[in-house]
Amino acid sequence: MFGYSMVTMVRKNAHKLDRPLREILLNFYKPFKWTPCFLHNVLEGWMKKTKKLQLVVEFEESETPFRTAFTEVNKITRKHFGCKVRKEFPLVSCISAEISPLALEEILNSCTCIKRVYLNREVQALLDVAVPSVNAKNVVRNETTLTGEGVTVAVIDTGIHPHQDLQGRIVNFVDFVNQQTEPYDDNGHGTHCAGDAVGNGSASSGKYMGPAPKANVIGVKVLDKMGSGSLETVMEGIDWCIKYNEDPNNTPKIDIISMSLGSAPTAYERENDDPMVQYVELAWNSGIVVCVAAGNDGPDEGTIASPGISDQVITVGALDDRDTAETREDDDVANFSSRGPTPYGVTKPDILAPGVNIVSLRSPNSYLDKLQKSNRVDSNYVTLSGTSMATPICAGVVALILQANPDTTPNEVKELLRNGATLWGERDPNIYGSGYINADNSIPM
């Protein structure tokens, strides 16, 4: 097997190919076990030309300017049948591409600008009692009851259905899956998340209301009808948010990104070798508070999803409040909530928010709506569980912090949340983070 050219390429360039990509390339040879030896060279040659790989290629910024590196790789890519560069991400010096193993081999052999090549991996989508449970109701500062008014939350997810509880507050929508222009949600997950953060409960007389019922929301659709997306689509969504804020003509600006999605982390040399981590940290450093789901792979340790492994963003685990807002004695972390540490030894999650049996907005006739009819509540709501629900609840609390103190930086917001959390005595921070989110404690007087 080690005589095959693709195996040789993988061994020679192992430091430039992420592990999932190496495994894909080597698995191409499985059919060879049942193929006569005299056909191996023919089969390998055919496979190298015709198989297509969905990749993200990162350039060495210090070696070659992005445009020069892009031109060099694009020139090689276009020589090979059916291969193409798909998207450009100059902010992190990356491109996405659909290329054959033969084209990849030529790029690695000919281009000195290649830092690393990643598989364009799959990314998945991961309020009645919840709001009073986090002490986010009737929080008053400077004689004003905080509602998130004037703050904008971007929900990077499956889209947003124009639900009654969001009326007049969906200020923008962008679709990187089907390129539609009007808000919609064919899965239902993103709509639920939007309601978890900013739903105003108008269809339930205020019963099912998020922490920030007057905040604005922007829908950024990066996941499809089945709740699946890719590294590429998520990068596009975050890239759009950063550039949206840079355009002086765009108002209101995005203050918070809520991302209830993720993928299993790949252990690189450093956490910032992960392009999705690079992007959420770019957003963070640009002044946007980023809240990310920890993942639903608990109770095993070391299960925090990417990009929640970032040491900068706010990684949110799920709490089971047992449907009791009045008492916290019976509250505990949800069994499914992912645990730390990250592959890089960072303690995560940062904080817990309610994530079990959360009632929020229903997107009629969406995939989840049809799949889980028994979860419908009345005709406008649905119950879901997961760190996906905990994350936008945290984002809603952040909106209250920013309404009260608009100049608070992302790092300061994170510290306020952690310092204001309700603590459990001597609990493992890789399970419980800093504790149970508490809005009233976290907003300075």
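In this predicted model, the buried residues of helix 12 pack against helix 9 (275-285), strand 14 (289-293), strand 15 (314-320), strand 17 (351-354), helix 11 (387-404) and helix 14 (439-442). Helix 12 itself covers residues 410-420, and its buried residues are Pro410, Val413, Lys414, Leu417 and Gly420. Viewed down the axis of helix 12, these buried residues fall within an arc of 150°, so they line one face of the helix.

A loop between strand 18 (358-361) and helix 10 (367-371) holds Ser366, which counts as buried, with a relative accessibility of 2%. A polar atom of the Ser366 side chain lies 2.7 Å from the backbone oxygen of Ser363. When neighbours within four places in sequence are left aside, the contacts of Ser366 are with Asp185, Asp186, Asn187 and Gly188.

Turning to the cysteines, how many disulfides does a search of the whole structure find? The search finds zero. For Cys111, the closest cysteine sulfur is that of Cys113, and because the two sulfurs are 4.8 Å apart, they are too far from each other for a bond, the cut-off for a disulfide being 2.5 Å. Cys394 is likewise in no disulfide, the nearest cysteine sulfur, in Cys291, being 4.0 Å away. Cys111 is buried at 3% relative accessibility, and Cys394 is buried with a relative accessible area of 0%.

Key:
Residues numbered from 1 in each chain as written. Predicted model: local features only at pLDDT ≥ 70, side-chain atom pairs only at ≥ 80, totals over all residues. Heavy atoms only, no water. Buried < 20%, exposed > 50% of the residue type's maximum accessible area, 1.4 Å probe, protein only. Helix = DSSP H or I, 4+ residues; strand = E, 2+ residues; numbered from the N terminus. Arc of directions from axis to C-beta. Contact = heavy atoms within 4.5 Å. Polar contact = N/O pair within 3.5 Å; in protein donor to acceptor, adjacent residues only side chain to side chain.
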